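Open the model in a viewer that can select residues by number.

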Amino acid sequence: LAEQAGADAIDVSAYGNVGKSIAFTEAPLVHEPGGFLPFAKKAKAALSIPIIAVGRLELDQAEKGLAASDFDMVAMGRKLLADPELPGKVMADRTADIRPCIYCYICVSQIFINQPLICAVNPRLGQEHRDDLIASAGQSKKIIVIGGGPGGMEAARVLAERGHRVSLWEKDKDAGGTARIAALAYEPNGRLIRWLHGQLKALPVELQFGKLATVEAIQAENPDQVIVATGAARTAPDIPGKNLPHVFDGDQMRGLLFGTDPVAMKKLPAYKQFMLFCARHLQILRSIGLLRVLSHVWMPIKKKVVIIGGGLVGVELAEFLQERGRDITVLEPGANLAPELSIVRRSRVIYMLREHGVALHTGASSIEIKDSVVIFE
Ligand code: SF4
């Protein structure tokens, strides 16, 4: 009909069933990579006017589809918010420099709260008119950034681009900080870690991994400024039973999965400690991609898991463990699950957890951990 009506081209998108809370991420903002490609292909086979493919397309999918004449053009939304220079970088064969979209849905969630567009990975979005954002520094300073998570790496990157002499110190052997466990739970987060690390390696930034920031070490360097980007200091709530051997707090869980927390590992049976030791020794636990795959086969975590705390970390951990066959119950003392997540991502995660049988309890009180049960009201 559109062709007969004189359309010059067709952009092939879709609509979702608004009766479901994940409707928006089914369509038009499809969560599935390349989710609308079959529609574009069918339209191309039936029509003679140019077909524009859209919907979470990765570059390799786009190249492949164009080469196979499955469609004629590609349109991108989120990827261009994350990096408006994407087309130029593709043309210049600099695809490794493209800042990745991590599909966190923060940008589109702004629509629902009537706020201006922002992006989790591109702080310049909506601020492009301010050409002083990354102006060159008048005077080059010696700066130490402590912490190799996304915040520390972004700070080091921007400072180096402004002409400062930057050293980044990270106590772990690998870049990413707590974003490493976020990348385990949600793969796109890992792309940001890799991009930031790659950008830092290309800049004159001195990267020191496995370096603990002590007062003496900092004084010995005599820096002009120090940026502390070590993230939040977390304390587990005082829940009866929290010191039992089968209970791990968030930091211990991270240390367990990456084999970096000897205290948490000591809580495990000897054979699990040995397996983690071997995996760490073989460098397997340093690769997030490998760990995502292998954790489907084995993890030092038993079948039934209760997660106390249904914030962002709790629900993403529930998602990760449920995908690996664990029976999950989430207990959240507050009235809402994951209020820190963007509206769109939150709707999707909670819907998917329910669909997969995860028990989600809000308003949980009087929580007490016993040897084989967790009691709550
Ligand atoms: S806010 Fe998130 S989803 Fe939106 S463009 Fe940025 S990284 Fe992508």
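**A walk through the model**

Arg162 sits in the loop between α7 (150–161) and β5 (165–170); helices (H or I, at least four residues) and strands (E, at least two) are DSSP runs, numbered from the N terminus. The model is predicted, so local features need pLDDT of at least 70 and side-chain atom pairs count only at pLDDT 80 or more, while totals for chains, interfaces and linings use all residues. Residues are numbered from 1 along each chain as its sequence is written, and side-chain values use heavy atoms, with hydrogens and water left out. Arg162 is partly exposed because its relative accessible area is 29%; buried means under 20% relative accessible area, exposed over 50%, and partly exposed in between (1.4 Å probe, protein chains only). From the C-alpha atom of Arg162 to that of Val349, 187 residues away along the chain, the separation is 38 Å.

Charged contacts come next. How many salt bridges does the structure hold? The count is 17, where a salt bridge is a side-chain nitrogen of Lys or Arg within 4 Å of a carboxyl oxygen of Asp or Glu. One of them joins Glu26 and Arg348, with an N to O distance of 3.5 Å. This pair connects distant parts of the chain, since Glu26 belongs to helix α1 (residues 23–26) and Arg348 to helix α16 (residues 343–355), 322 residues apart. The two partners fall into separate accessibility classes: Glu26 is partly exposed because its relative accessible area is 34%, whereas Arg348 is buried because its value is 11%.

Another salt bridge is formed by Glu58 and Arg191, whose closest N and O atoms are 3.3 Å apart. Glu58 is in the loop between β2 (51–53) and α3 (59–67) and Arg191 is in helix α9 (residues 188–202), so the contact ties together parts 133 residues apart in sequence. Both Glu58 and Arg191 are buried; for Arg191 this is because the relative accessible area is 19%. Arg191 also meets Glu187 in a salt bridge, at 2.9 Å from N to O. Glu187 counts as partly exposed because its relative accessible area is 29%.

On a 1 Å grid over the protein atoms alone, a cavity is a set of points where a 1.4 Å probe fits but cannot get out, and lining residues have an atom within 4 Å of a point. The whole structure has 1 cavity of 30 Å³ or more. The volume of the largest cavity is about 90 Å³; grid points are joined across faces, edges and corners, and a volume is the space filled by probe spheres set on the points. Its lining has 14 residues, and those nearest the centre are Cys101, Ile102, Cys104, Cys107 and Cys119. Both α4 (78–82) and α6 (106–112) supply at least two lining residues, and α4 gives the most, with 3.

Cys101 is buried because its relative accessibility is 11%, and Cys104 is buried because its relative accessible area is 18%. How many disulfides does a search of the whole structure find? The result is 0, with a disulfide taken as a pair of cysteine sulfur atoms within 2.5 Å.

Met275 lies in helix α13 (residues 270–281) and is partly exposed because its relative accessibility is 37%.

Some backbone details remain. The peptide bond from Ala27 to Pro28 is cis, with omega near 10°, and Pro28 is in the loop between α1 and α2 (37–46). Gln283, a residue other than glycine, has a positive phi near 70° and is found in the loop between α13 and α14 (288–294). Ala338 also has a positive phi, near 45°, in the loop between β9 (327–332) and α16. Gln283 is partly exposed because its relative accessible area is 39%, whereas Ala338 is buried because its value is 0%.

Notes: On a 1 Å grid over the protein atoms alone, a cavity is a set of points where a 1.4 Å probe fits but cannot get out, and a pocket is an open set with protein on both sides within 12 Å along at least five of seven lines; lining residues have an atom within 4 Å of a point.
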